[in-house]
Amino acid sequence: MIRIQKIRIQEFRGIRDLTLELKGANFAACGPNGTGKSGIVDAIEFALTGNISRLSGAGTGGLSVKAHGPHVDYRNKPEHAVVSLEVTIPALGGKKATVTRTVKAAATPKIEPPDPDVLEAFESVEQHPEFVLSRRELIRYVLSEPGARSKEVQALLRLEDIERLRGVLQKISNAETKALPKLRSLKHEAEKQLAASLGIPEVSSASIVAEANRRRAVLGLAQIEKLEGMTSLREGLGTGSTAAPVRITKLQASADFQHFRETLTRLQSDPIEKACGEAETKASALEMEGRIEELDRETLLTSALERYDGMQCPVCDTPFEPGAFEAHLAGNLARLEDIGKLRASLESDLGVLKAELVATGNAVNTMIELADKLPTKVEAQPLIDFRTALRGRYAQLAKLTPIPDTRSVLTVATEVPDLSDVLEFFATAIQSLPEPSDQDAARDFLILTQEKLEHYRSMSRDLAAGEASAARAAKAFELYGAVTTKALEKIYADVEATFATYYRKINEDDENSFTAKLLPSLGKLGFDVDFYGRGHFPPGAYHSEGHQDGMGLCLYLALMNHLLKDRFTFAVLDDVLMSVDAGHRRQVCNLLREMFPHTQFIFTTHDEIWLRHMRSEGLVKGRGFAHFRTWTVEHGPTEWDGRNVWEELDGHLAMHDVRSAAALLRHYLEHFGKEACHRLRAKVEYRSDAQFALEDVLSPATSALGDAFKKARLAAVSWGQTAVVERITAIEAAFSEAKKLANNDRWQVNAAVHFNEWTNLRVEDFRPLAQAFRSFTEIFSCASCEEMLSISPGRGEKEGLRCGCGDVNWNLLGKKG
Amino acid sequence: MIKDDPKTASLKGEAITSVSGDILGEFFDAMRDDTDLADIEPTLRRIVLEDGVFAEPAIRAALFPNES
């Protein structure tokens, strides 16, 4: 991925014109609420993805990047809302690149240079918007329902494709398996028709060959030795038409008629009656126990699941992420499991009956067609009516619901109307058909039987193909489940272990035996954590909010580490860890610094103390922070930057507003004093509320700097560094003069009274005072880099006084001996 | 949509991988080692990992190449 070197934000969100130099290192933006910190986060996200997640998602109806991305004064000029990032790309040897995006053309950023590898790097970042973590997302990993957490984690790990393919494979497997009963039924029917045509009870290769050879002998044709796949029973019959004879043969008509009567008998046979009875009992149980609604619901859910195409609900068109739809229905279906079993048992009984209705219907159809072809017309209307009734019975049994209708059908399912007249007409008409000659009979037999055989072979092939497809689809789905489950379990085991390691690092003082469990199941991800050795519970059960914040951060880091590994080069943490106490924040700094030394973290926080922690622990170094003091619509955020403050102060004085100028001076000196005390390791009277006023910090800071100059000078003397001695001496003289002009000694006496006097000054009296303090504060900084001088190291013996550029780099320890 | 081929290198030799791509690659490797599924593995791998297609008709066509 990338590391950000510089950000330039113009007329974007609450920011007018802001440039931040990150230099690829960790960076922190700190300031009270409403000073523009999150605008920086929005800008980074926008530059890299074209989106601002704060303006989308749940609860943001009516908000959009286009309408609310630009500064409010430029809301109609989106072309002026621009964010530009200068980055380096570690994977490309630190190659430099720039991305510039305007709100007007959010979808088309300008990337320089537009080299393929650079474009690919930015595209990779765009595909991982999870580089921004806010507390809103953080807490979702920890406290959400297992189904929602699964979705969040799978989205972060980009696992949606796994679910998508699983859904498709399952759908195909189900469809292929579902098609088999019909294929088997068709083959069985074809077999029965072939048997009827042969006039034998059961089909076998030997019996087919025997019957065929008997007719072939009549025709003087060669005997068939063996029935193979391509064997034709009519082989050698000549070059006449291969179609069935136009006339109705007595043989075929008799066979069809016989088959018809057999199906009628079978429909009313004991096994079918028994199946009806059992089905009726189960249907009655469903109706009696008031479970019709549950059955309807189970029917709807099962049907929806079968029809789900991996994209949206087939009922209401609501889009669903892969896996989410199944998970959504899985819980409901689990509650309806027993009724699902009852339904399956009922459908099994009905399946037997339905197959018989189909067979009877086919036989009726054959007779209806025959009635039209017989020389003596047979009135077929009773058969047509019977066929309609059979279709109606089948349709209701296939539908199943409403149950009362199915029960009604079951009471008449095997009923056959009085067809005695029709049967008699058929018998007479068939009997009156001319007896074919032996030759014709033999010929007709071979042709018609070959037709039936080919049909049987076709149905057999279809069934074999269907079974092969079902087997392949089932195997593919089963293998997919096995491989992906194993892989996901490994991922979650790895993430779980890494997460626990990070969390123990943060809480090593009291939870150094901490473990966690990520518990994947269909569409869900359970998350339990150890509570002081008492067992594993959800994080929200016993752990404090602060600990939960820490868990959320650690889980996020573990996931990002797994996802990106050494490509995890930057992340934006937007005011996370609000509830974490000072001690644990220090540990968080250590975690990030030690475990992610190659990752650039960009923090925002409203807590100045947290910023100081980051700086004192070395997580943020040098000028790697922006400390905002205020924000206005006209100017955007304003940093605690000396140059800005003095300009603003001059502005107040130009308006003769001494009160505002005095207030600004006081606040600035308070901020300045705290910073100076921190950098110079000044001795300050402790306050547990950390509310240090001007009088608490300015004098200690002054004393600390004076003391540092003195020590540096004496050390330089001991080392024989004449030039350094001269320089420090000059600075000390300037410092002394500056203190005098700023009435520094009066601060020692009564700082509060001294400050209050300022507000009573006239402009011409206040201006020199302000200039005096300006000169005074400048002594604390390096003239070259303007960075405030610091004592190093941060703890222990004071060894040096330094600045950021190295122009000030003076020993505080003299030469020994 | 998976566009990255986990088997090819990019960015100066660094393979572009994603978690999904890795897992799906394992599945296709398992298919290749299965006598009943080995013949369809190359087509299915190409459709999913290279073309990024997950539509049912395409997957079905890959599973059952003899159907038309």
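A residue is taken as buried when its relative accessible area is under 20%. In this predicted model, A:Phe603 has a relative accessible area of 3% and is therefore buried. A:Trp610 is likewise buried, its relative accessible area being 3%. The two side chains, A:Phe603 and A:Trp610, form an edge-to-face aromatic pair, with 6.5 Å from centre to centre and 70° between the planes.

Over all chains, a search of the whole structure finds 25 aromatic pairs. In one of them, the ring centres of A:Phe499 and A:Phe527 lie 5.3 Å apart and the planes stand at 70°, so that this pair is edge-to-face. The pair links distant parts of the chain, since A:Phe499 belongs to helix α16 (residues 438–506) of chain A and A:Phe527 to strand β9 (residues 524–530) of chain A, 28 residues apart. Elsewhere in chain A, one aromatic cluster is formed by A:Trp646, A:Tyr668, A:Phe672, A:Phe709, A:Phe735, A:Phe773, A:Phe776 and A:Phe780.

Aromatic rings also meet charged side chains. Within chain A, A:Arg215 lies over the face of A:Phe445, at 3.7 Å from the ring centre. Across the two chains, A:Arg164 lies over the face of B:Phe54, at 5.6 Å from the ring centre.

Burial in helix α3 of chain A (residues 116–126) involves A:Val118, A:Ala121, A:Phe122, A:Ser124 and A:Val125. Because these residues cover an arc of only 155° around the axis, they are placed on the same side of α3(A). The packing partners of the buried residues of α3(A) comprise helix α1 (37–49) together with strands β4 (82–89), β5 (95–102), β6 (110–112) and β11 (570–574), which belong to chain A.

Chain B has 68 residues, of which 46% count as buried. Three helices and two strands are found in chain B, and from the N terminus on its elements run in the order β-β-α-α-α. Among the contacts in chain B with a separation of 6 or more, 29% are accounted for by residues 24 or more positions apart.

The size of an interface is often given as the accessible area lost when the parts come together. For chain A and chain B, the area buried between them is about 3,000 Å², with 66% of it on carbon and sulfur atoms. The contact takes 36 residues from chain A and 31 residues from chain B, and the count of salt bridges between chain A and chain B is five.

Side chains of opposite charge can pair when their charged atoms come close. Over all chains, the count comes to 48 salt bridges. A:Lys171 is in helix α6 (residues 160–198) of chain A and B:Glu56 is in helix α3 (residues 56–63) of chain B, so this pair joins two chains. The closest N and O atoms of the salt bridge between A:Lys171 and B:Glu56 are 3.3 Å apart, and B:Glu56 is partly exposed, with a relative accessible area of 23%.

A:Glu467 forms one with A:Arg184, the closest N and O atoms being 3.7 Å apart. Since A:Glu467 lies in helix α16 of chain A and A:Arg184 in helix α6 of chain A, the pair ties together parts that are 283 residues apart in sequence. A:Glu467 is partly exposed at a relative accessible area of 35%, and A:Arg184 also counts as partly exposed, at 41% relative accessibility.

A local salt bridge is found between A:Lys192 and A:Glu189, whose closest N and O atoms are 3.4 Å apart. These two residues are three residues apart in helix α6 of chain A, and therefore A:Lys192 and A:Glu189 are separated by about one helical turn. Both A:Lys192 and A:Glu189 are buried. Salt bridges that share partners also join A:Glu608, A:Arg612, A:Arg615, A:Glu675, A:Arg679 and A:Glu787 into one network.

Terms used. Residues numbered from 1 in each chain as written. Chains lettered and ligands numbered in written order. Predicted model: local features only at pLDDT ≥ 70, side-chain atom pairs only at ≥ 80, totals over all residues. Heavy atoms only, no water. Buried < 20%, exposed > 50% of the residue type's maximum accessible area, 1.4 Å probe, protein only. Helix = DSSP H or I, 4+ residues; strand = E, 2+ residues; numbered from the N terminus. Arc of directions from axis to C-beta. Contact = heavy atoms within 4.5 Å. Phe/Tyr/Trp six-rings, centres within 6.5 Å; stacked < 30°, edge-to-face > 60°. Lys NZ or Arg CZ within 6 Å of the ring centre and 35° of its normal. Buried area = accessible area lost by both parts, 1.4 Å probe. Salt bridge = Lys/Arg side-chain N within 4 Å of Asp/Glu carboxyl O.
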